[in-house]
Amino acid sequence: MEQTDEEFFHDFRQELLAGAEANGSFQLSEFMEAIANDLVETGFTEGFELCHFRAQRGMRVDGYWFNDEGVLDLFIADFDSRNELASLTRTEVAAAFKRVANFFEASANKGLASELEVTSPEYGLARQIADRKDAIRQVNLVLFSERTLSEKIQALPDTEVAGVPAAHHIWDISRLHRQRSSRSHKEPLDLDFEQMFGKGIACLPAHLGTDAYQSYLMVMPAEALATLYERFGARLLEQNVRTFLQARGNVNQGIRATILNEPGMFFAYNNGITATAQSVETATTDFGLAITRVVDLQIVNGGQTTASLFHTRKRDKADLSQIFVQLKLSVIDSQQSETVVPRISEYANTQNRVNAADFFSNHPFHVRMEGFSRRIWAPAQKGAPRETRWFYERARGQYADAQSKLTPAEQRRFKAEHPKPQMFTKTDLAKFENVWDDHPRWVNLGSQKNFARYAARIGSEWEKSSDAFNEFYFKRAVARGLIFRATERIVSAQPWYNGGYRANIVAYTLAVLGDITKRRKESIDFLGIWNAQKVDPVLESAIAVVSGVVNDDIIRPPQGISNISEWCKKEACWTRIQARSEAIANLLPPQFYDRLVPQDDQAAIVKTAKQTQRIDNGIEAQRKVLAVPAAEWARIHQSLLEKDLLTPKEDGVLRVAMQIPSKLPTEKQSVVLLDILDKGQLEGVVVSDP
């Protein structure tokens with residue numbers, strides 16, 4: 001039975017209270033970050049920085065994010081820790097937007113920064129707005145409300161604030177509930193081309209009457225494509241493509257040159273765009289069939305083309321009126337989208353291979369991490385009645401989906417075995433890992449950019465040796481998660497903490513601890529933390545000491561840099577903090593060093609874990625091979641032999657498989673056989689999934 005808004009509100013409130021207690025944060029901060037995390041995951045915004053500021057002159061702001069394309073998201077909260085779900089009126093909505101608009105105007109035109117404490121988050125934001133005013137092309141005013149709003153007033157007209165175009169967005173409890181409940185776990189875009197562009201987009205049906213899915217070939221005006229990207233940004237891009245652009249971040253110079261110098265040849269030179277939609281509406285015009293409306297348009301290949309068209313129009317004032325782009329649109333319903341869309345994205349991107357284009361929910365790394373999280377029990381903490389599991393969400397919404405068909409009693413048991421504080425996502429994992437193994441500045445660049453960096457690194461390491469991602473890797477990742485979240489709680493409790501820059505302080509604190517231990521050729525005892533399922537008081541004390549020094553350092557950026565969070569994103573910030581590692585090390589108590597483990601001991605554990613994983617991989621490969629009948633292996637052998645695609649080694653291994661069960665392939669041979677299956681699939685020799 002589907003959950004009501006009231007039931008969702010009460011569940012959300014309990015999660016909020018538990019999260020605030022676990023993270024040592026105020027309920028308002030937890031409320032803002034909980035919703036912001038949802039919106040970052042689904043592409044509504046690229047990131048989020050807390051910034052609580054209220055003034056008697058009718059100003060308020062609770063968070064913000066500047067993206068790389070001149071868009072500023074300003075967030076304001078409607079939150080009073082209400083016990084019951086209440087309604088939100090149009091008057092209250094207007095008043096909230098007026099307060100956050102006043103903050104922007106005062107920052108941009110009235111020198112608000114000069115009245116604020118220079119180390120406060122609100123000073124950094126106000127100063128950055130003033131400094132960047134000419135570069136801000138749009139401001140999104142976003143209201144987060146714990147109340148529910150009538151759908152009749154869900155959309156508000158665009159306006160201007162201090163001469164800058166402003167869009168208004170309301171995320172109330174009902175809208176958040178709809179997003180979390182939707183099959184794709186994101187809010188689909190509903191695009192009316194006739195309303196936006198005055199007419200539909202010409203198309204040619206290409207599905208030939210098949211019932212499986214509809215497809216269309218379109219000649220898309222570049223002006224329309226750039227306008228869509230300007231208005232909706234990363235929300236247009238399927239997650240693989242969005243993260244790829246986060247990793248690249250540059251306009252394709254070849255595309256730009258064609259736009260500026262040979263616009264008439266763009267259609268001939270460009271490979272075009274591949275996109276999907278949940279549904280479309282068409283109309284017959286004097287010029288043939290046209291698509292008038294698209295629900296949930298997602299670009300799965302061609303994100304670089306789309307972004308480059310927009311940026312070249314904006315930066316170079318390019319005329320796009322003579323440019324058209326070919327677009328292949330596949331209509332995939334929501335029930336199939338989770339499996340089909342990632343495949344279209346993967347296959348469409350194979351010609352221009354992207355490091356991490358397929359490094360998402362269907363990548364073997366995530367499947368393996370999910371398997372560990374469902375199988376491995378975490379040791380019970382002292383005094384706890386039972387063991388629990390850490391639930392890894394390899395695909396968005398899995399935690400909620402796992403409970404959706406359970407009875408109330410089964411749901412209680414599920415939550416007892418998988419407590420909500422022990423759920424972590426792909427972007428969480430990227431944060432936990434990158435502060436130790438890569439560079440803390442990536443974590444400060446926001447979830448999407450940090451994940452892009454992590455995806456590229458792990459994707460490369462997986463290709464070299466997937467055995468490195470084993471049970472120890474999973475347990476160490478959880479231990480790092482425990483340390484990360486403990487650090488968030490510890491920083492929030494410090495007397496010097498003023499409510500801002502916590503994410504920056506946490507990232508650099510853990511990076512400093514990692515740097516100190518590496519210099520000594522030692523390591524934090526991650527396995528010990530996994531076994532205890534908590535951070536011991538000695539490490540907590542060390543975290544408190546280091547975080548205080550880090551805070552003192554980052555709130556004093558060099559001359560000419562006014563925004564502290566922007567300073568924390570620069571290489572020079574880490575270089576300066578890192579130079580103090582030795583001095584910070586002298587502040588830590590001897591007990592901290594007593595608990596470190598030698599890197600050689602850690603390396604021995606890693607080596608053993610790799611060997612175990614290699615054996616597990618072989619056993620799993622053997623299981624899959626034995627599930628395919630001998631006759632099927634014979635058919636594959638004959639088909640590939642006729643195509644002259646078998647090496648002598650593959651031919652010999654296949655001949656063994658053709659004798660199952662009288663002969664059994666070894667584990668090494670089984671790995672080769674699975675590779676042969678992949679080769680066969682590329683050649684159209686398909687076997688039923690073993």
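**Close-up views of a predicted model**

**View 1. Strands β3 and β5 run side by side.** In this predicted model, strand β3 (residues 71–78) pairs with strand β5 (residues 138–145) in the parallel sense, over eight bridges. Look for Phe75, whose bridge partner in β5 is Val142.

**View 2. The largest nonpolar core.** Here we step inside a core of 68 residues, where Ile483, Ile554 and Phe592 have the most contacts. Helix α19 (residues 471–493) gives the most to this core, with 11 residues. Apart from this core lies another, of 38 residues, with Ala226, Leu228, Leu236 and Leu297 among them.

**View 3. Phe592 and its neighbours.** Leaving aside residues up to four places away in sequence, Phe592 touches Leu513, Thr517, Ile524, Val538, Leu539 and Ala542.

**View 4. Glu433, a buried acidic residue in helix α16**. Glu433 belongs to helix α16 (residues 426–437). Glu433 counts as buried because its relative accessible area is 0%, and buried means under 20%. Beyond residues up to four places away in sequence, Glu433 touches Asp438, Tyr454, Arg457, Tyr473, Arg476, Ala477 and Arg480. With Arg480 there is also a polar contact between the two side chains (3.1 Å).

Conventions:
Residues numbered from 1 in each chain as written. Predicted model: local features only at pLDDT ≥ 70, side-chain atom pairs only at ≥ 80, totals over all residues. Heavy atoms only, no water. Core = buried A, V, L, I, M, F, W, Y, C linked by side-chain atoms within 4.5 Å. Buried < 20%, exposed > 50% of the residue type's maximum accessible area, 1.4 Å probe, protein only. Helix = DSSP H or I, 4+ residues; strand = E, 2+ residues; numbered from the N terminus. Contact = heavy atoms within 4.5 Å. Polar contact = N/O pair within 3.5 Å; in protein donor to acceptor, adjacent residues only side chain to side chain. Pairing = 2+ DSSP bridges.
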